[in-house]
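Welcome! Work through the exercises below with the structure open beside you, and try each task before you read its solution.

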Amino acid sequence: MSKGRVCLAYSGGLDTSTILKYLINDGYTVVCMLGNVGQEEDWAEVERKALALGAEKMVIVDLQKEFIEQVVFRAIQCNAIYEDRYLLGTSLARPVIARAQVRVAQENNCDILSHGCTGKGNDQVRFELAWKALAPSVKIFAPWRDPDFIAKFQGRNDLLAYAKENNIPVSSTPKAPWSMDENVVHCSYEAGILEDPDHTPPDELWKMTISPMQAPDKPYHFTIDFEKGIPVKVTTEDKKEVTEAVELFKLLNKIGHDNGVGRIDIVENRFTNLKSRGCYDTPGLTIARLAHLDLEGLVMDARVRELRDQFVTTSWSRQLYNGMYFSPEREFIENSILHSQEVVNGKVRMMAYKGNVYVIGRSSETSNLYSEDDASMDSLDTFTPQDSTGFININAMRLKKYGEARIAQGKPLTES
């Protein structure tokens, strides 16, 4: 009799294949689930492997559209970024995958959810916090925190030995000396040789962008149209025009790839309070975020933007990074995002060149905040310069008092 029914997040790699066989050998029935958020995989081969190892079923769910429209576009709308560098590529995908896994578990009467995340990383937190909100009564098996499992598997050599004993197919291709996680937004690389933060990542590491040094010597021009802060059309100099969400994002990825845009190499602070070095390839989102930021400068009220930047962008980014997507605070913040983006409509003309992307023009037919007449140095019709005298005097009142006080203290501001 089965000990229980497990829904396992299964990638087909050594770790999750070992976990699958371990659970089956320990008396569990396993339904495997894989959420396709844009990885380049042979899905038929993944399914064959899972079933050959004894899985009752392999469920592969295409989540790319859901991922882009519900999460990635929201990240663009709020200019999401973590520690001023990381565009959250892995973090953004986890809630969508976790939600799909719960659906698969419920449809297949599974009472246990499982994953192959390391016990030191953020992803274990992201998956499990999501599951506890989505299916509060479900049990969770985290192998890399389970005493019996980690006593048996100390490292890769133990996994390989178990694979040999249990006829688990292992790729004959030598394992890259780093780990990699890929989705339609980005590819991340960490661990292995990258654990030395001073080790230069080799050229062959990067998958989603070519080297900026190898990029064409000619700039590439394109335009992104936005409606309510969401990119709705990309038009390129070679007459490509794309409006469907997933294809639009993939086109931005290609532009970024071909021009070496979107590489970063950072040390970040994980939610688990460990510092971690990561290399990230994020071409399309790097482009879309810059375009969105620029358009907001044209059409968004200054004080609304200030408040959004101070509270919404930082909070939403941290919530996604820390696995708090299915939380009341994220829902609260998201309403503010949507409201702030009502006016963010327009076009941004861009140019990609040698690892960088530049804004070369922007326009909006729906906003009146920018006025050439108001801003022009050649026109006084809509602005009276003399009004600035009173404006300056009022703002200077407290500064004059501050300067007088410093002089009285013998510490004038003229002294450094």
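## Exercise 1: Salt bridges along the chain

In this predicted model, the count of salt bridges comes to 24.

**Task.** Find the salt bridge between Lys3 and Asp26, and work out which parts of the chain the pair ties together.

**Solution.** 
- Step 1: Look at the two side chains. Those of Lys3 and Asp26 meet in a salt bridge, at 3.4 Å from N to O.

## Exercise 2: A pair within one helix

**Task.** How many residues apart are Arg48 and Glu45, and which helix holds them?

**Solution.** 
- Step 1: Take the distance. Arg48 forms a salt bridge with Glu45, and their closest N and O atoms are 2.8 Å apart.
- Step 2: Use the helix. Both residues are in helix α2 (residues 43-52) and three residues apart, so about one helical turn separates them.
- Step 3: Compare with the surface. Arg48 is partly exposed at a relative accessible area of 47%, and Glu45 is partly exposed at 39%.

## Exercise 3: A link between two loops

**Task.** Where in the chain do Lys218 and Glu237 lie?

**Solution.** 
- Step 1: Find the contact between the side chains. Lys218 and Glu237 meet in a salt bridge (3.6 Å, N to O).
- Step 2: Name the loops. Lys218 is in the loop between β7 (187-190) and β8 (220-227), while Glu237 is in the loop between β9 (230-236) and β10 (241-242); the pair links distant parts of the chain, 19 residues apart.
- Step 3: Glu237, at 34%, counts as partly exposed.
- Step 4: Now look for a network. Arg94, Asp123, Arg126 and Asp181 are linked by salt bridges in one.

## Exercise 4: Charges at the surface

**Task.** Which residues gather with Asp373 in a patch of negative charge?

**Solution.** 
- Step 1: Look on the surface, where Glu372, Asp373, Asp374 and Asp381 form the patch.
- Step 2: Locate Asp373, which is in helix α12 (residues 372-375). Its relative accessible area is 48%, so Asp373 is partly exposed.
- Step 3: Step back to the whole chain. The protein chain has 48 positive and 59 negative charges, and their mean positions are 3 Å apart.

## Exercise 5: Inside the fold

**Task.** Is Ile255 buried or exposed, and which residues touch it?

**Solution.** 
- Step 1: Find Ile255 in helix α8 (residues 245-258).
- Step 2: Apply the cut-off. Buried means under 20% relative accessible area; Ile255 has 3%, so it counts as buried.
- Step 3: List its contacts. Leaving aside neighbours within four places in sequence, Ile255 is in contact with Tyr220, Phe222, Val234, Thr236, Ile287 and Ala352. Ile255 and Ile287 are 32 residues apart in sequence, with their C-alpha atoms 8.9 Å apart.
- Step 4: Gln319 is in helix α10 (residues 302-321) and counts as buried at 9% relative accessibility. Among the residues Gln319 touches are Met324, Tyr325 and Arg330.
- Step 5: Widen the view. Of the 416 residues of the protein chain, 47% count as buried.

How values were computed
Residues are numbered from 1 along each chain as its sequence is written. This is a predicted model: local features need pLDDT of at least 70, side-chain atom pairs count only at pLDDT 80 or more; totals for chains, interfaces and linings use all residues. Side-chain values use heavy atoms; hydrogens and water are left out. Buried means under 20% relative accessible area, exposed over 50%, partly exposed in between (1.4 Å probe, protein chains only). Lys and Arg count as positive and Asp and Glu as negative; His and the chain ends are not counted. The place of a charge is taken as NZ of Lys, CZ of Arg, CG of Asp or CD of Glu. Patches are made of residues with over 30% relative accessible area and no salt bridge: like charges are joined within 9 Å, nonpolar side chains (Val, Leu, Ile, Met, Phe, Trp, Tyr) within 5 Å. Accessible areas come from the Shrake-Rupley method with a 1.4 Å probe; for residues, only the protein chains shown count as cover. A salt bridge is a side-chain nitrogen of Lys or Arg within 4 Å of a carboxyl oxygen of Asp or Glu. Helices (H or I, at least four residues) and strands (E, at least two) are DSSP runs, numbered from the N terminus. Contact means heavy atoms within 4.5 Å.
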